[in-house]
Amino acid sequence: MNRQRLSLWWFIGTLLFALLSMLVPLPAPLEPFKPYWLALVLLYWALESEDRVSLGLAFLLGLGADLFDGVLLGEQALRLTALVFIALRFRSRLRFFPMWQQTLAVLALLLNDRILLLVVRVLSGSPVPPASWWISPFVGAALWPFLFLLLDDLRARLRIQ
């Protein structure tokens, strides 16, 4: 298998793994701690491989996540499109931040994602979520350095561009 095909399979595989990770049920007390895996992996690829990640891909992945998750159609598509737009817009800066600054930027992106979700849910008539609902972006930001280093190391070992 040539490197280009391996690179494509690695890219698709990580996104599918993140999509399926969203479906893993957690016990009710741990549910607020569940990070938004698809956003984190898509953010990694937006920073590391700009030519593969586009707003259209983010929208399609979001629609797929909406169908898998059974939420309002377009909810996650909007969230992921906004996240990727901001990440691609500031990619040249974000890529070269030290890890602690990158983690703070990821936290800001994930909090922005939660605010968008809150707006969509309130406009659709859902009640305001509890305070524990805001824990997830902090968990995602705490996992970001480990996820980034893991994916970067695996990509380097496979010698993928």
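Reader: Thanks! Which residue does E48 form a salt bridge with, at 4.0 Å between the closest N and O atoms?

Author: That partner is R95. A salt bridge here is a side-chain nitrogen of Lys or Arg within 4 Å of a carboxyl oxygen of Asp or Glu. Before we go on: this is a predicted model, where local features need pLDDT of at least 70, side-chain atom pairs count only at pLDDT 80 or more, and totals for chains, interfaces and linings use all residues. Residues are numbered from 1 along each chain as its sequence is written, and side-chain values use heavy atoms, with hydrogens and water left out.

Reader: Good to know. Where do E48 and R95 lie?

Author: E48 lies in helix α2 and R95 in the loop between α5 (91-94) and α6 (99-123), so the pair ties together parts 47 residues apart in sequence. Helices are DSSP runs (H or I, at least four residues), numbered from the N terminus.

Reader: And is E48 buried or exposed?

Author: E48 is buried, at 14% relative accessible area, while R95 is partly exposed at 32%. The cut-offs are under 20% for buried, over 50% for exposed and partly exposed in between, with a 1.4 Å probe and protein chains only.

Reader: What does R155 pair with at 2.9 Å?

Author: With E48, counting between the closest N and O atoms. R155 sits in helix α7 and E48 in helix α2, 107 residues apart, so this pair links distant parts of the chain. R155 is buried too, with a relative accessible area of 11%.

Reader: Which residue pairs with R155 at 3.1 Å?

Author: D152 does. D152 is partly exposed, at 25% relative accessible area. Through shared partners, the salt bridges join E48, R95, D152 and R155 into one network.

Reader: How many salt bridges are in the whole structure?

Author: A search of the whole structure finds 6.

Reader: Switching to α1: which residues there are buried?

Author: They are S7, W10, F11, T14, L15, A18, L19 and S21. Their cover includes α2 (37-48), α3 (55-69) and α7 (135-157).

Reader: And W9, buried or exposed?

Author: W9 lies in helix α1 (residues 3-21) and counts as exposed, at 53% relative accessibility.

Reader: How far apart are the end C-alpha atoms of α1?

Author: They are 26 Å apart, which agrees with the 27 Å its 19 residues should span. That expected span is 1.5 Å times one less than the number of residues.

Conventions. Helices (H or I, at least four residues) and strands (E, at least two) are DSSP runs, numbered from the N terminus. Contact means heavy atoms within 4.5 Å.
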